[in-house]
Amino acid sequence: MTVSLEQLRRCHFAVDLGAARTRVYVRGVGLVVDQPSAAAVNTRTGALIAVGEFAERMTGRTPDYIKVVRPVSGGTVVDIEMAQRMLRHLLGDKTRRMLRRKPRLRAAACAPHAADPLARRATIETLAGLGARRVELVDTLIAAAVGCGLPVERPEATMIMVCGAAATQVAVLSLGSFVAAARVPVGGEAVDHAVVQHLRHQHALMLPTQSVRPLQLALSGNGITEHGPASAEIHGRDVVTGLARSVRVDTAAVREAIQTPLTAVLDGIGQVLRDCPPDLVADLADRGITMVGGSALLPGFDQMLREATRMPVHIAERPDICAAQGLGAMLEGRIEPLVLNPLAA
């Protein structure tokens with residue numbers, strides 16, 4: 001069915017369930033939740049111990065009977081019951097009581113581009129478990145474009161790239177709908193994994209996959225300083241002895257290690273541009289690409305795209321919360337009327 005702004009204005013709250021973070025916007029209140037999509041569970045009793053930031057800090061530091069789980073993977077809810085429990089705790093008693101007082105509670109949610117029916121149904125059932133009588137789904141690309149202020153309703157090309165933890169979505173929009181779009185199953189987690197594997201194979205050093213410091217060092221700058229190639233000291237665990245060890249790593253080598261996952265992203269951008277009419281591609285030569293999503297904040301990522309595409313690349317002011325802000329703008333009626341991209345609900 002076609003989701004219109006009139007339907008979205010009737011929604012009372014909106015949820016952006018991401019693989020890395022969960023955000024909830026309540027109409028008339030604003031963004032009330034911005035926490036990691038993680039929950040710590042006692043496997044002996046089934047009790048929920050922690051959610052959000054606290055659960056994230058517990059990753060890799062718990063005894064055997066406590067497990068940190070992520071109910072969302074790649075923008076898709078993979079554990080509906082755990083996602084519902086996580087959302088209830090993140091919302092808190094006060095917000096849940098306020099929402100329960102709403103007659104015929106309605107919700108809106110982001111869905112990845114080209115999500116299959118099972119993925120959409122999982123999102124709907126998750127919010128239905130919180131009391132929503134009706135759930136409207138909005139494509140993440142549309143929500144993010146609205147959230148960062150792009151003129152998606154105009155008859156001109158707008159290119160947006162949502163850089164998520166598990167996937168990257170790219171689209172060219174015009175007149176409020178898609179001209180061309182692609183979803184690449186490569187995100188910030190794949191880049192982090194490439195760095196971790198490089199350090200393991202080249203330096204026999206193990207470090208947590210959550211560590212972004214090596215990644216930031218590898219992407220920032222051009223790998224050259226006035227004293228020669230840039231390097232950084234990295235701390236981790238020796239693969240052979242299991243003891244703590246630190247090594248000095250050439251950041252240029254790490255930059256080379258992450259080219260493989262980034263190449264897939266560039267291929268996705270090329271595919272979208274090839275599917276666009278020439279007139280719209282000409283528009284993009286001036287306007288360029290707008291990056292949103294948490295992985296858009298990786299230092300140097302925008303510069304790599306500029307060099308590869310030879311197009312202007314801009315990072316949104318608050319790229320990590322653009323999709324939630326876009327849903328909030330639709331709920332509050334702060335954008336011009338347009339028909340959103342069809343998405344089954």
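Five strands form an open sheet in the order E13-E12-E11-E19-E20, with mixed pairing. Here helices (H or I, at least four residues) and strands (E, at least two) are DSSP runs, numbered from the N terminus. Two strands pair if DSSP finds at least two bridges between them. Strand E13 (177–184) and strand E20 (313–315) are the edge strands, and each pairs on one side only. On average, neighbouring strands of this sheet are turned by 20° against each other, direction ignored. For such angles, axes are lines fitted to C-alpha atoms, for helices over the stretch in contact, and values run from 0 to 180 degrees between N-to-C directions.

The model is predicted: local features need pLDDT of at least 70, side-chain atom pairs count only at pLDDT 80 or more, and totals for chains, interfaces and linings use all residues. Residues are numbered from 1 along each chain as its sequence is written, and side-chain values use heavy atoms, with hydrogens and water left out.

Within the sheet that holds E11, this strand runs parallel to strand E19 (residues 289–292), and four bridges join the two. Val-162 has Val-292 of E19 as its bridge partner. Two helices lie across this sheet. Helix H5 lies across E11, strand E12 (168–174), E13 and E19, and runs at about 70° to E12. Helix H9 lies across E11, E12, E13 and E19, running at about 160° to E13. Contact means heavy atoms within 4.5 Å.

Strand E1 (residues 13–17) and E2 run antiparallel and are joined by five bridges. Val-15 stands opposite Val-24 in E2. The hairpin from E1 to E2 passes through three residues. E2 also pairs with strand E3 (residues 30–36), in the antiparallel sense, over six bridges. Arg-23 has Asp-34 in E3 as its bridge partner. The hairpin of E2 and E3 has three residues between the strands, and Gly-28 there takes a positive phi near 85°. Strand E2 (residues 21–26) is mostly covered, with five of its six residues buried. Buried means under 20% relative accessible area, exposed over 50%, and partly exposed in between (1.4 Å probe, protein chains only).

Phe-13 has Ala-107 in E9 as its bridge partner.

The chain as a whole has twelve helices and 20 strands. Of its 345 residues, 50% count as buried. Among contacts between residues at least 6 apart in sequence, 63% join residues at least 24 apart.

Cavities were searched for on a 1 Å grid over the protein atoms alone; a cavity is a set of points where a 1.4 Å probe fits but cannot get out, and lining residues have an atom within 4 Å of a point. Grid points are joined across faces, edges and corners, and a volume is the space filled by probe spheres set on the points. Two cavities of 30 Å³ or more were found. Strand E11 (158–163), helix H6 (188–203) and helix H9 (259–274) each give two or more residues to the lining. The lining divides into eight nonpolar, five polar and no charged residues. In this scheme Ala, Val, Leu, Ile, Met, Phe, Trp, Tyr, Cys and Pro count as nonpolar, Asp, Glu, Lys and Arg as charged, and the others, Gly among them, as polar.

His-203 lies in helix H6. His-203 counts as partly exposed because its relative accessibility is 24%. Leaving out residues up to four places away in sequence, His-203 touches His-198, Arg-245, Val-247, Arg-248 and Val-249. Asp-238 is 35 residues from His-203 in sequence and 8.7 Å away in space, C-alpha to C-alpha.

Note on methods. On a 1 Å grid over the protein atoms alone, a cavity is a set of points where a 1.4 Å probe fits but cannot get out, and a pocket is an open set with protein on both sides within 12 Å along at least five of seven lines; lining residues have an atom within 4 Å of a point.
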